[in-house]
Amino acid sequence: MLLLILMEGDKLKSIFQIFLNIIKFILWLMFNRIMALPVLISYMFVTKSPSLTFQIIIMFLGVILGIITTKILYIIYKKRIIKHNPLNLEDHVSINKSNILTWVKIIILSVIMILGKFIFEHNFMDGGNSNTIATNSVFDSYSISFFLLLVLFGPLCEELTVRGLFFSYFNISDGKFSKIVMIIINGLLFMALHGSLNDPSAIQYFVVGIILSIVFIKTKNIQYSSFIHVMLNLSAEILGILNI
């Protein structure tokens, strides 16, 4: 009887921990958007035609928040993988001779994904998607202050949360089945965070989320998926500016 009570207690403790991790993860997802608040508040409540000086001020605020947010998320990520790290993830970021071949592969993969994204969007998404249209509207008004958020701080914070914290909170083992399930769930999460579920963009975001998750798990280091994410966003904004 005592053994059964202890077993039930362990089950309840596990369920409670999963629920707690879900709440924490949602809060961190919300936290990584804080950097965009100066731009969004200004766009919605102040002006849609800001002066150059006003844009620089908003950019300054966004950059400060971006640096703080990225730093905090990285610290939390490092603490999490010390506490729970079944995938043996690394917490350091470096570029050296030992990983130069990996970087070459990552750069090649980035180019392939950029080309694939370009081809997909120009053949299946002529009208764009709700997420892109909304982002472009803000970018057109606050291009200076929004650029760094879209191409640098946004991708870095998303990788730390959507990849780093997600797998640390919810991946229970290094087993093949567990990793496959979590990769699929992560792809669905990435898709849900980036667009409507009823347009072609859903396929694109799901595939990108899957690839970034595989890169993260295979390399066991957040720097590689972060690099690809930054390159994808940077290329999208450059092509948008050039109207290509």
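# Notebook: a walk through a predicted model

**Entry 1, Ile210.** I looked up Ile210 to begin, and at 17% relative accessibility it counts as buried, because buried means under 20% relative accessible area, with exposed over 50% and partly exposed in between (1.4 Å probe, protein chains only). I found Ile210 in helix α8, residues 201-219; helices (H or I, at least four residues) and strands (E, at least two) are DSSP runs, numbered from the N terminus. Residues are numbered from 1 along each chain as its sequence is written, and side-chain values use heavy atoms, with hydrogens and water left out.

Which residues does Ile210 contact, leaving aside its neighbours within four places in sequence? I noted Ile183, Ile184 and Gly187, where contact means heavy atoms within 4.5 Å. Ile183 is 27 residues away from Ile210 along the chain, yet their C-alpha atoms are separated by 6.0 Å.

Next I turned to Val181, which lies in helix α7, residues 176-194. Its relative accessible area is 31%, so I wrote it down as partly exposed. I also checked Val181 against Asn171: they are 10 residues apart in sequence and 9.2 Å apart in space, C-alpha to C-alpha.

Then I looked for the largest nonpolar core, and it has 51 residues. A core here is a set of buried Ala, Val, Leu, Ile, Met, Phe, Trp, Tyr and Cys residues joined through side-chain atoms within 4.5 Å. Which members touch the most others? They are Phe25, Tyr77, Leu165 and Phe167. Helix α6 (residues 143-170) gives the largest share of this core, 13 residues.

Not counting residues up to four places away in sequence, Leu165 touches Phe25, Trp28, Leu73, Ile76, Tyr77, Arg80 and Leu160.

A pair of aromatic rings is described by the distance of the centres and the angle of the planes. Rings of Phe, Tyr and Trp (its six-membered ring) pair if their centres lie within 6.5 Å; planes under 30 degrees apart count as stacked, over 60 as edge-to-face and the rest as tilted. How many aromatic pairs does the structure hold? I noted 12.

One of them joins Phe25 and Phe170, an edge-to-face pair with 5.6 Å centre to centre and 85 degrees between the planes. Phe25 lies in helix α1 and Phe170 in helix α6, so this pair ties together parts that are 145 residues apart in sequence. Is Phe25 buried or exposed? Phe25 counts as buried, at 6% relative accessibility. Ring pairs also link Phe25, Phe166, Phe167, Tyr169, Phe170 and Phe216 into a cluster.

My rule: a side-chain nitrogen of Lys or Arg within 4 Å of a carboxyl oxygen of Asp or Glu. By this rule I have four salt bridges.

- Glu158 and Arg33 meet through their side chains at 3.3 Å, N to O. Glu158 lies in helix α6 and Arg33 in the loop between α1 and α2, so the pair ties together parts that are 125 residues apart in sequence. Glu158 is buried at 5% relative accessible area, while Arg33 is partly exposed at 40%.
- Glu121 and Lys117 meet at 2.9 Å, N to O. Both lie in helix α4 (residues 100-124), four residues apart, about one turn of the helix. I noted Glu121 as partly exposed at 22% relative accessibility and Lys117 as buried at 18%.
- Lys179 bridges to Asp174, with the closest N and O atoms 3.4 Å apart. Asp174 is partly exposed, with a relative accessible area of 35%.

Leaving aside neighbours within four places in sequence, His229 is in contact with Pro155, Glu158, Glu159, Arg163, Phe190 and Leu212.

Methods: Predicted model: local features only at pLDDT ≥ 70, side-chain atom pairs only at ≥ 80, totals over all residues.
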